[in-house]
Amino acid sequence: MSSLGIVMLVHTALDRAEQVARHWTAAGCPVVIHVDGKVAEKTYSNFVASCADNPLVGFSERHTCDWGRWGIVAASQSASEQMLDSFPDVRHVFLSSGACLPLRPVQELIDYLSDRPRVDFIESATTADVSWTIGGLDHERFTLRFPFSWRNQRKLFDAYVKLQRATGMRRSIPDGLTPHMGSQWWCLTRQTLSAILQDPRRKVYDRYFRHVWIPDESYFQTLARLYSTHIESRSLTLSKFDYQGRPHIFYDDHLQLLRRSDCFVARKIWPRAERLYHSFLTDQTSAMRPAEPNPGKIDRVFSKAVERRTHGRDGLYMQSRFPRHGSENGLTAAGYSVFQGFSDLFEEFETWLETATNTRVHGHLFAANRAEFAQDETITNGALSDSATLRDYNPKAFLSNLIWNTRGQRQCFQFGPQDTQDINWFLARDKNAQISVITGAWAIPLFRSNMNFADIRCEAARLQQIESKQLEVLSSVWTKARVRSWTLADFIEAPMEPLQTILDEIAPQTSRHLTEAPLMVDLAGFGQFLQNLKNQGMHPQLMGDFPVDDVFGTRTKPFRKPYLVQ
């Protein structure tokens, strides 16, 4: 007879529970099984009959087990009492579930515990030291009453908690107890477990813990502190939880991960993980090398999994995990550049930029009539249409999809106050955006147009108001984009330095020294044009200081050459 006894709490997948129970008993370990009272009587009877040929398998009194309720503790008590009474040679009792799976040969666990005959393995920490509770209660779970189910009677649960808080109702913790919390899955010595179950004050403790929230995580964890001479505050069962506090489920593709943990037992195993059950229940001594259990070896993998599930990949919006505003893991997937005013100031700027940087350069992606894709495409990567109606249904998703589906090649596009402005805050908040703005450059197309001057004046006033609001967004404290802005006058005065800086940032590996700027439009008479706007009552403010004479027109002439990159 083995010195290790297994208490197994079962409520589903009874066939797997029987398979694991026979694995334990094959190594000489007696098993006492508690079957949830919610399991149909016929199903339970068939289960008992299928195990009848195994003398080391017993069944305890049944209790109804609901998450977070007393029934789970009562089930553990009944099965443990039967284990201690029926198998006097047992020195350690290991609490497991029907979804637990031994990862190492059972004899290794027996030997491990035999070398530590007086050690209790139970995670047990005070509420002040617990940092893993998620969306729950810490100290209040011990001072309030919880007669209602959190899962099945949520409104009553919340209302009663609120009532107790409002009225100041508090429960008294029994004298001599210091509440502790920890994993439900423990391995206790006969001495400690029997002291808990045979305590003269057990009725007092049971009455108190019956209305504690999630007592299976605190009953044995608290009472073990009264009797144990040596507690190792850890569980021998590998059990991982996600960001919502739900247990991770292990599947067949977790085989190597579980091997690396060196743990004796793992939960929660998917019932149809055929490969896992076949691999670990063969009990091959070569399956895993004897080593100290170390679940920390795989914590990094689980941390990455939790991060991927909660945040996802940069710029990828998934239907199953659509982010809340402000909690996205990157608004877009890669860096991109936005140019405002450059195509107004320079002729064929898109062609020049594409040649100079070897990037994909679009026109005005958010133009009023259509998305101006590079090479005048109507459909681009990701099946994105140039339809303004489809784009404006969700302009943020449009840009995110474009950057995601073209990752690997930097995207550049033009923008201006004539375009859809719903994207402004998105651009400003995006750390991947590089935004370069020549303020007031929108006046150049008006200057060169053949519109009536009254219409020009009205349009100039409208565009200046739009750009002023946009600049407020780009200068906000919430802005994460890399923003550079120049007035039109300052940029024309010395265009080479800002152009070189922009190109170096876009393509640092291929950028070369610029000797000449791209071809600039003729601005002769532009200063007088701005003065005429002032004379008509519209005061341009974003262009900088342009003199009325043609000095700037003269200064622009040296830049009216084809660009040359060396």
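Glu377 counts as partly exposed because its relative accessibility is 26%, where partly exposed means between the limits for buried (under 20% relative accessible area) and exposed (over 50%), with a 1.4 Å probe and protein chains only. The side chain of Glu377 meets that of Arg360 in a salt bridge at 2.7 Å, N to O; a salt bridge is a side-chain nitrogen of Lys or Arg within 4 Å of a carboxyl oxygen of Asp or Glu. The pair links distant parts of the chain, 17 residues apart: Glu377 is in the loop between β14 (360-364) and β15 (379-380), and Arg360 is in strand β14. Arg360 counts as buried because its relative accessibility is 9%. Helices (H or I, at least four residues) and strands (E, at least two) are DSSP runs, numbered from the N terminus.

The model is predicted: local features need pLDDT of at least 70 and side-chain atom pairs count only at pLDDT 80 or more, while totals for chains, interfaces and linings use all residues. Residues are numbered from 1 along each chain as its sequence is written, and side-chain values use heavy atoms, with hydrogens and water left out.

## Salt bridges

The structure holds 19 salt bridges. Three of them are set out below with their N to O distances.

| Asp206 | Arg202 | 3.1 Å |

Asp206 and Arg202 both lie in helix α8, four residues apart, which is about one turn of the helix. Asp206 counts as buried at 11% relative accessibility, and Arg202 counts as buried at 16%. In the pair of Arg234 and Glu232, Arg234 counts as partly exposed at 23% relative accessibility, and Glu232 is partly exposed with a relative accessible area of 28%. Glu18, Arg22 and Asp53 are linked in a network of salt bridges.

Strand β13 (residues 336-340) is largely enclosed by the rest of the structure, because five of its five residues are buried. Tyr336, Val338 and Gln340 point one way from β13, and Ser337 and Phe339 point the other way.

Strands pair if DSSP finds at least two bridges between them. Five bridges join β13 to strand β17 (residues 411-415), and the two run parallel. Strand β18 (residues 433-439) is also joined to β13 by five bridges, again running parallel.

Val338 is found in β13 and counts as buried at 1% relative accessibility. The bridge partner of Val338 in β17 is Phe413, and in β18 the bridge partner of Val338 is Ile435. Val338 and Ile435 are 97 residues apart in sequence but 4.7 Å apart in space, C-alpha to C-alpha. Leaving aside neighbours within four places in sequence, Val338 is in contact (heavy atoms within 4.5 Å) with Phe413, Phe415, Leu427, Gln434, Ile435 and Ser436.

## A three-stranded sheet

An open sheet of three strands has the order β5-β12-β11, with mixed pairing. Its edge strands are β5 (101-102) and β11 (237-239), each of which pairs on one side only. Two bridges join β5 to β12, and these strands run antiparallel. Leu101 stands opposite Ala266 in β12.

## Cores and helix α9

A nonpolar core is a set of buried Ala, Val, Leu, Ile, Met, Phe, Trp, Tyr and Cys residues joined through side-chain atoms within 4.5 Å. The largest such core has 49 residues, and Trp24 and Ile33 are those with the most contacts inside it. Apart from neighbours within four places in sequence, Trp24 is in contact with Leu4, Ile6, Met8, Cys29, Val31, Pro102, Val106, Leu109 and Val265. A second, separate core has 42 residues, including Ile444, Leu463, Leu514 and Met538.

In helix α9 (residues 219-227), the residues Tyr219, Phe220, Gln221, Thr222, Leu223 and Ala224 are buried. The buried residues of α9 pack against α3 (71-86), β8 (180-181), β9 (187-189), α7 (190-197), α8 (202-209) and β10 (231-232).

## Surface patch

Ile249, Tyr251 and Trp270 form a nonpolar patch on the surface, with about 250 Å² of accessible area together. Patches are made of residues with over 30% relative accessible area and no salt bridge; like charges are joined within 9 Å, and nonpolar side chains (Val, Leu, Ile, Met, Phe, Trp, Tyr) within 5 Å. Accessible areas come from the Shrake-Rupley method with a 1.4 Å probe, and for residues only the protein chains shown count as cover. Trp270 lies in the loop between β12 (265-267) and α11 (274-280).
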